[in-house]
Structure formats: C-alpha cells, structure tokens
Amino acid sequence: MRLTVAQALVRFLAAQYTERDGRRQRLIAATWGIFGHGNVAGIGQALLESGPGGAAGRGPGGMPGGAPGGAPGGMPFLQGRNEQAMVHAAVGYARQCGRLSAHAVTTSIGPGATNLVTGAALATINRIPVLLLPGDTFATRPADPVLQQLEVPYAGDISVNDTLRPVSRHFDRITRPEALIPAALQAMRVLTDPVQTGAVTLALPQDVQAEAYEWPPEFFAERVWAVRRPRPDRDELARAAEAVRGSARPLIVAGGGIRHSAAQTALAEFAEATGIPVACTQAGKGALPYDHPADVGGIGHTGTATADGLARGADLVIAAGTRLTDFTTASGTLFQNPAVRFLGLNLDPYDAHKLAGQPVVCDARVGLEDLRAAAAGYRVDPGYETAYKEKKSGWELLVDRACAAPDEDAAPTQAQVLGLLDAVVGAEDILINAAGSLPGDLHKLWRARSADQYHVEYGYSCMGYEIPAAIGVALAAPGRPVWALVGDGTYLMNPTELVTAVQEGVPIKVVILDNHGYASIGGLSGAVGAEGFGTAYRFRADDGSYTGAPLPLDLAANAASLGMAVIRTRTIGDLRKALAEARAADRPTCVYAQTRTPDTVSGPPPAQAWWDVPVAETATRKSAAAAREEYDRQAAQRRRHL
C-alpha cells in the first residue's frame, strides 16, 4: 500500500487499542493540531484525508473526539490555539480515561515544536500518556539553514526538537520512511506502559512526512496493547504482611497510582478490614470519598491536621502508588517516629524503594488485594481507630468554619468560594486546578465525593493547565459538569483555549478568582522574608516599586471577548446564584469573582507541616533575618530515613 509517511502514521494510529480487565478502547482517540510549514502538507494533509470533519471526528453528543473508544477507521481532529495548551488538553483527556486512551498533538517546526516542552514535562512528570508529533527540519538538507533551523556548529543533526528529549519518556526522529515502522511500535509500547508512560515524541522532518513508501498491510492491522497488572513477589508480599501485623500505628498514604490502577475499591476494602487510616496526596485525593470512616484527608504541607498528626506518630507507612514528593513528606520532616518504617507498594521499583522502604513492586489494585489476604486477621487497636476518627471530626468543624459564608453582601474569601461551590456540585462534577494558592486550599478543604471529582495537577503545578485540561476532561466525560478553577495570574498565562471550548461547544465552567496578582507566591514571599516583592498587579510607585494603584484589569471582559458567557459577581449572594447558573448552562460559561483577603475567622487553617523553601543565609532586612531563624528551626527536624 503506497502512502506518505504522514498518511501511514495516521492510519496506523487509528488501528491501535488498549485492553485492561476485559475492556477495550482506542489508544489514540483524536489528534490536536496547529498547522504550519513543518506539518501542513504532511500530517495536515493526512488528517484531511482521514475525514476530520466527518463522522469520524465527532463523538457522543456531537463532541469532537468523543468518549474513550472513538470511531473506527478515521482520526478525529481538534483545532487548538496554543501548542502547550493542546498538550494540557490531551493530558486532561488521558487522565480522565485512566491512561487507557490518549490524544496526539501535532505542531509545525520551530516555535510550534518548542512550545510543546512545558506540556511534555507536565505529562512525563505526572506519568500521563500523550503522543507528540512535531514537524522537524529537512532530513535531506536541500538548503542549509532552512527557516527556523537551529544551527549548531558541532552537530549537524540537532534541531530545536532535541529540547524535547529530557522531558519525553521516548524520543525518535523519523529520517527515513521505513524507520516509522519500528518507531511507531515503540511509541505505542511506551504510551501503554503503566510505569514508563508519559510524553512520547516522534519528530517528523517535513520532507519525510510527505515522502511516499510501499507499506506492508500488516502495519495497519488492528493491534491491541494489553495493559498489565503485575502481582507482588511472594517473598515481598510475605515481608509486607509481617510488617503490617507488627505495626501499632500504621498509616496508608494513597497516591495517584490508586487512581491510575482503579484501585479505589481495593483500598476501601483493605482499610475496612484493617482499620488503618488513609491519607492522600494531591494526586490521590478522592481515592476514598471524604465521608469514608478511614479517610483522614490530605497529607503533608497542604494536608490536614489529622493526617499530619498521624504521620508524625506512625510506626509503619504504607506508601501506595505515590512518588513521595517533598510536599507529601514535608521536605523530610513529617515522619518523626524513631521506629517508623515504610512499605513502598508501587509499580515502579524506583518509587517503591524511596525512604529506604521495603518494596512491594506490583499493580496497586492487585497488591492491596493480596496484602489484605496475606495480613488477614490483623486490625488496629480500637483506641487508635477511635482517636483518629475523633480528630477527623474536629478537622471537619474547621472546614465548616473556613467555608461558611453567612454575609450575603460581603465579598467572598477563596475558602468561601469553595464552600459555595461545594453546595452546588454533585458527585458527577469534576474540579480542575493546578497552581496558585488553590491547590493548598483544595487539598485541605475540599470534600471529594467521587473517585475522579478531584483533578489537581500538582506534579508540575503548571499555571495555565486548568482551562485546556477541562476541555480534555469534558471530551472524555461528556455530559458531566467540568469546572476549571483559576486565579487571575493563571488565567492571564493561558486563556486561549476558551476559544476552542466556544468553537466546539464544550460546556466547561470556568471560575476566575481575581485576587489582584500572584497571591500564592506573594504569600510565600512574605513568609520567607522577600516581602511580597514583584508579586502584586500594581502600577509602579514614585520610588519605582510595584506598590502603586491596582492595575485596571477586566478579566471578565477578556473572557467575554473570547466568546464565553460571563457572569460577574461581587458578593457572596451574587456568587451563590452565579455558580448554580453556570452549572446548569449548556454553553461554555465563566464566573468572575473578586475575592477578599481571608481573616482569622474565615481563612483556611494554616499549613500543618513544613515545606523547604531556602531562605537567604545572610541579609540586611529584618524580615529575611527572622525568616532564616524560622527556616533553621524547621530544617533541624529533617530526617534521613535509612
């Protein structure tokens, strides 16, 4: 079959499927694209032939790309506005699909390709599959240099696409047509690998994209990639069960691996059988619903007092599907019991061995099932169980207090915005956030009602993720209300995909919280002695500092100019009505809320654990000197778990 490289690649991708637990779905459900001279005549032409505007391009409800599975025989196409945002949308889609279905992203050469780097880093750090297909400079080198070619005197084979190597799980450059066959198969292998998945890059020189080749028919046959569930090693499992039986104050830390392996039921059954409390990372929040008796909320710097208190006294920590980042471990200061030991239940041996942990290398679901059977008969002391449940109840009272909004005529605090939203949403709603102060407030305060309601990207905490990710999630979960929660700083970084939501009729709900600057980093700046320098949205004062009048920004008008339906609010009463109206809307809708600084009554509880942000060791300003004293006090509590 004689096709161009681009035509062959599109046809190949349309025939790839994943299967896990007997469920089969399409691996690459759609392709995002912005076309330029590096891909318009290659991938662009191939997608046109695939029928991007026909039935193959529409899913349930008329949505492009549709639900996992897609239509056979064609490649749905999605038009983006920013290359980084297209990757974010693809990540949102793949995460909502449990990493079993993904999107591809194609760009031109040059700046279109390098704009992928941030999105690729986010995908790889969070271990979410996305296929990147950037154009590349000519393989045949008909002229040197060509437009947008990076000239490197010591290496003639380097292009700007090489910036994608360190942020990709797999990278290849297709310089000959026949090289596509092994490269495409390797790309699918990595995308479906539950350990090694992330961004996969196939760089496509523009001349090779358009070159014809006689392809073997077998290359286009339907291929199913089985996503494995490795069971734990027998000896590792026996040692883990012995550690559980020997513990008096155990704690489970549930991470994103619980979600990726659909292990929520196994986790609940393990917790119910043993009475062991379950704390959650940002990626793991929702592993148990907030009202499950064993759920004690978020852990670490943005965690609850209940979870962090349990962590300080735990003698066994079962780290299930978590990378144990510094936010989770409070930069090595959280687990203070001299006798504490760690079980690393993880698919990735690299993560399973962290904190000198005893590894249990396996899929989270089958691992928890097998560990429950191996430790049968074990249960924590009733006093321990009663104590953590009482502490959880006390924390819930603090949440009620922070989120309460009794004055209908007052401007809301950020915590009150979350409380008002909590009163509107149901278990089917999905909340998306990534950056600013919202991740901390959400981790501490949000009451997750379902396994996939809480969608906070905190592996890279990338400003600008929320809006495009909401589109991707909505494509994967048509009919469910999807909320993108953004601060003004994040909104200004990447609002472009609002146009895509309007174009495609994807009814996302965007809540813009206007707090007049980079409030999160401003607060951190104040805490580390930098006095909020350079974080407010203000004019310059006479002394040259940014302490003048607030900037006359109108983010609501900006959203409206991009085609969104916009509801402006000023008071708690306004916001209450606006959130209900937005949830019922059948078109993309933005709720704009100006927030006020929290006070001691309505503010969220402060951080319950430390986070290491180095402070100047020597400084002339008193604020920095005082912050350094506090830094030294906290850092002295750091432990090396050996």
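The structure is a predicted model, in which local features need pLDDT of at least 70 and side-chain atom pairs count only at pLDDT 80 or more, while totals for chains, interfaces and linings use all residues. Residues are numbered from 1 along each chain as its sequence is written, and side-chain values use heavy atoms, with hydrogens and water left out.

Which residues does asparagine 115 touch, leaving aside its neighbours within four places in sequence? The contacts are with Glu83 and Gln84, where contact means heavy atoms within 4.5 Å. Although glutamate 83 is 32 residues away from asparagine 115 in sequence, the two C-alpha atoms are 5.6 Å apart in space. The side chains of asparagine 115 and glutamate 83 are also joined by a polar contact of 2.8 Å. Such a contact is a pair of N or O atoms within 3.5 Å; within protein, one must be able to donate a hydrogen and the other to accept it, and residues adjacent in sequence count only if both atoms are side-chain atoms.

Charged pairs come next. Side chains of opposite charge can pair when their charged atoms come close. The structure holds 30 salt bridges, each defined as a side-chain nitrogen of Lys or Arg within 4 Å of a carboxyl oxygen of Asp or Glu. One of them joins aspartate 351 to arginine 127, at 2.6 Å from N to O. Aspartate 351 belongs to helix α13 (residues 349-352) and arginine 127 to the loop between α5 and β7 (130-136), so this pair ties together parts that are 224 residues apart in sequence. Both aspartate 351 and arginine 127 are buried.

Another salt bridge, with an N to O distance of 2.7 Å, links arginine 447 and aspartate 400. Because arginine 447 lies in the loop between α17 (438-445) and β19 (454-456) and aspartate 400 in helix α15 (residues 382-403), the pair ties together parts that are 47 residues apart in sequence. Arginine 447 counts as buried at 16% relative accessibility, whereas aspartate 400 counts as partly exposed at 38%.

A salt bridge can also be found inside one helix. Aspartate 632 pairs in this way with arginine 628, their closest N and O atoms being 3.0 Å apart. Both residues lie in helix α24 (residues 622-635), 4 residues apart, or about one turn of the helix. Aspartate 632 is partly exposed, with a relative accessible area of 38%, while arginine 628 counts as buried at 18%. Elsewhere, a network of salt bridges links Arg20, Asp21, Arg229, Asp363 and Arg365.

Attention now turns to the sheets. Strands of a sheet pair through backbone hydrogen bonds, either parallel or antiparallel; here, two strands pair if DSSP finds at least two bridges between them. An open sheet of 6 strands runs in the order β5-β4-β6-β7-β9-β8, with parallel pairing. Its edges are β5 (77-79) and β8 (170-173), each with a single partner strand, so one side of each is left without a neighbour in the sheet. Strand β4 (residues 28-33) pairs with β5 in the parallel sense over 3 bridges, and tryptophan 32 stands opposite leucine 78 in β5.

A second open sheet has 3 strands in the order β3-β2-β11, and its pairing is mixed. The edge strands β3 (23-26) and β11 (223-226) each pair on one side only. Strand β2 (residues 16-20) runs antiparallel to β3, and 4 bridges join them. The bridge partner of threonine 18 in β3 is glutamine 25.

Finally, some backbone details deserve a look. Most residues other than glycine have a negative phi, and most peptide bonds are trans. Aspartate 144 and proline 145, however, are joined by a cis peptide bond, with omega about 5°. Proline 145 sits in the loop between β7 and β8. Alanine 330 has a positive phi of about 55° although it is not a glycine, and the phi of serine 331 is likewise positive, near 55°. Alanine 330 is in the loop between α12 (326-329) and β16 (341-346), and serine 331 is found in the loop between α12 and β16. Alanine 330 counts as buried at 0% relative accessibility, and serine 331 counts as buried at 8%.

How values were computed
Helix = DSSP H or I, 4+ residues; strand = E, 2+ residues; numbered from the N terminus. Buried < 20%, exposed > 50% of the residue type's maximum accessible area, 1.4 Å probe, protein only.
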